[in-house]
Amino acid sequence: MIHSEFSAQFDSLNKEIVNSINDKNYARATLLDQARQEILHEIASSDLNLFDAEFFSILEKSAQQTSKLINIVEQDMKKI
């Protein structure tokens with residue numbers, strides 16, 4: 001899989017995870033996150049020189065979104 005495919009898949013999964021958590025569909029969010037983690041494992045085992053600054057910016061944005069989503073889930077759990 002080449003850089004643009006990784007970027008497109010990763011970005012798409014991030015958006016779907018956000019949508020799933022906003023819909024409180026945590027089971028789907030978990031499955032999507034597992035797929036996203038598989039992509040990260042593939043990236044970690046590949047030649048990182050194939051990835052540019054834009055891709056790493058996508059990763060950083062994803063980490064920020066994930067942090068916000070964790071806070072949302074934690075707040076939802078407190079309400080239960």
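**Group meeting: helix packing and salt bridges**

Let's start at Lys24, which sits in the loop between helix 1 and helix 2. Keep in mind that this is a predicted model. Lys24 is not a glycine, yet its phi is positive, at about 60°.

Lys24 is partly exposed, but Asp76 counts as buried, at 10% relative accessibility. The cut-off for buried is under 20%.

On to the other salt bridges. The count for the model comes to 4 salt bridges. I'll take two more of them.

Next is Glu16. It pairs with Arg28 in a salt bridge, with the closest N and O atoms 2.9 Å apart. Which parts does this pair tie together? Glu16 is in helix 1 and Arg28 is in helix 2, so the link joins parts 12 residues apart in sequence. Glu16 is partly exposed, at 28% relative accessibility. Arg28 is partly exposed as well, at 34%.

Then Asp11. Its salt bridge is with Lys15, and here the closest N and O atoms are 3.3 Å apart. Asp11 and Lys15 are 4 residues apart in helix 1, which means about one helical turn separates them. Asp11 is partly exposed, at 25% relative accessibility. Lys15 is partly exposed too, with a relative accessible area of 49%.

Stay in helix 1 for a moment. Helix 1 covers residues 3–22, and Asn14 lies in it. What does Asn14 touch, leaving out residues up to four places away in sequence? The answer is Arg36, Ser62 and Gln65.

Two of those names come back in the next part. Arg36 in helix 2 and Ser62 in helix 3 are among the residues where those two helices meet.

So, the packing itself. Two packed helices are described by the angle between their axes and the distance between the axes. Helix 2 runs over residues 26–44, and helix 3 over residues 53–79. They pack at an angle of about 155°, and their axes are 13 Å apart. How is helix 2 oriented relative to helix 3? It is roughly antiparallel, because angles over 145 degrees count that way. Helix 2 passes helix 3 in a left-handed crossing.

Now the residues in that contact. From helix 2 we have Tyr26, Arg36, Leu40 and Ile43. From helix 3 we have Phe55, Leu59, Ser62, Thr66, Val73, Asp76 and Met77. The contact residues split into 7 nonpolar, 2 polar and 2 charged. Note Asp76 in that set.

Last stop, the loop between helix 2 and helix 3. Asp52 is found there. Asp52 is partly exposed, with a relative accessible area of 34%. How far apart are Asp52 and Asp11? In sequence, 41 residues; in space, 15 Å from C-alpha to C-alpha.

That's the tour. Happy to go back to any residue on the screen.

Note on methods:
Residues numbered from 1 in each chain as written. Predicted model: local features only at pLDDT ≥ 70, side-chain atom pairs only at ≥ 80, totals over all residues. Heavy atoms only, no water. Contact = heavy atoms within 4.5 Å. Axes fitted to C-alpha atoms, helices over the stretch in contact; angles between N-to-C directions. Parallel < 35°, antiparallel > 145°, perpendicular 65-115°, else oblique. Left-handed = near helix turned anticlockwise from the far one by under 90°. Nonpolar A, V, L, I, M, F, W, Y, C, P; charged D, E, K, R; others polar. Buried < 20%, exposed > 50% of the residue type's maximum accessible area, 1.4 Å probe, protein only. Salt bridge = Lys/Arg side-chain N within 4 Å of Asp/Glu carboxyl O.
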